[in-house]
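Here is my note on the model you asked about. Keep the structure open beside you and follow the points in turn.

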Amino acid sequence: MNKSIFYHAGCPVCISAEQDIVNLIGTENVEIVNIGEIKSRIPEAENAGVKSVPALVTPNGNALHINFGASIDDVKA
């Protein structure tokens, strides 16, 4: 993985965190994935270690949970 992946669910906490992440690392360095809209990517997020959103998965595979918007289980429902 060359880019970080920022997973979120579209809630206000997530959108705010998305803006901060893009400002910090740049759009060319991060893929934004709204798993609230693209539910087919939830298993990918879970496999990467994401337990709640918003979360940033680094190119090294570390899942960094930012603030708390929703658990993955809530997004699945």
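How many of the five residues of strand 1 are buried? Keep that question in mind for point 3.

1. A word on the model. This is a predicted model, where local features need pLDDT of at least 70, side-chain atom pairs count only at pLDDT 80 or more, and totals for chains, interfaces and linings use all residues. Residues are numbered from 1 along each chain as its sequence is written, and side-chain values use heavy atoms, with hydrogens and water left out.

2. Four strands form an open sheet in the order 2-1-3-4, with mixed pairing. Strand 2 (30-34) and strand 4 (63-71) are at the edges with a single partner strand each, so one side of each has no neighbour in the sheet. From one strand to the next, the twist averages 15°. Here strands (E, at least two residues) and helices (H or I, at least four residues) are DSSP runs, numbered from the N terminus, and two strands pair if DSSP finds at least two bridges between them.

3. Strand 1. Back to the question: five of the five residues of strand 1 are buried, so this strand is largely enclosed by the rest of the structure. Buried means under 20% relative accessible area, exposed over 50%, and partly exposed in between (1.4 Å probe, protein chains only). In a regular strand, side chains alternate between the two faces of the sheet. You can see Ser4, Phe6 and His8 pointing one way from strand 1, while Ile5 and Tyr7 point the other way.

4. The pairings. Strand 1 and strand 2 run parallel and are joined by five bridges; serine 4 has valine 30 in strand 2 as its bridge partner. Strand 1 and strand 3 run antiparallel, with three bridges, and phenylalanine 6 is partnered by leucine 56 in strand 3. Strand 3 (residues 52-57) pairs with strand 4 in the antiparallel sense over five bridges. There, valine 57 has alanine 63 of strand 4 as its bridge partner. Helix 1 (residues 12-25) packs on the sheet, touching strand 1 (4-8), strand 2, strand 3 and strand 4. Its direction makes about 165° with that of strand 1, where axes are lines fitted to C-alpha atoms (for helices over the stretch in contact) and angles run from 0 to 180 degrees between N-to-C directions.

5. Histidine 8 lies in strand 1 and is buried, with a relative accessible area of 3%. Leaving aside neighbours within four places in sequence, histidine 8 has contacts (heavy atoms within 4.5 Å) that include Cys14, Glu18, Ile32 and Pro54.
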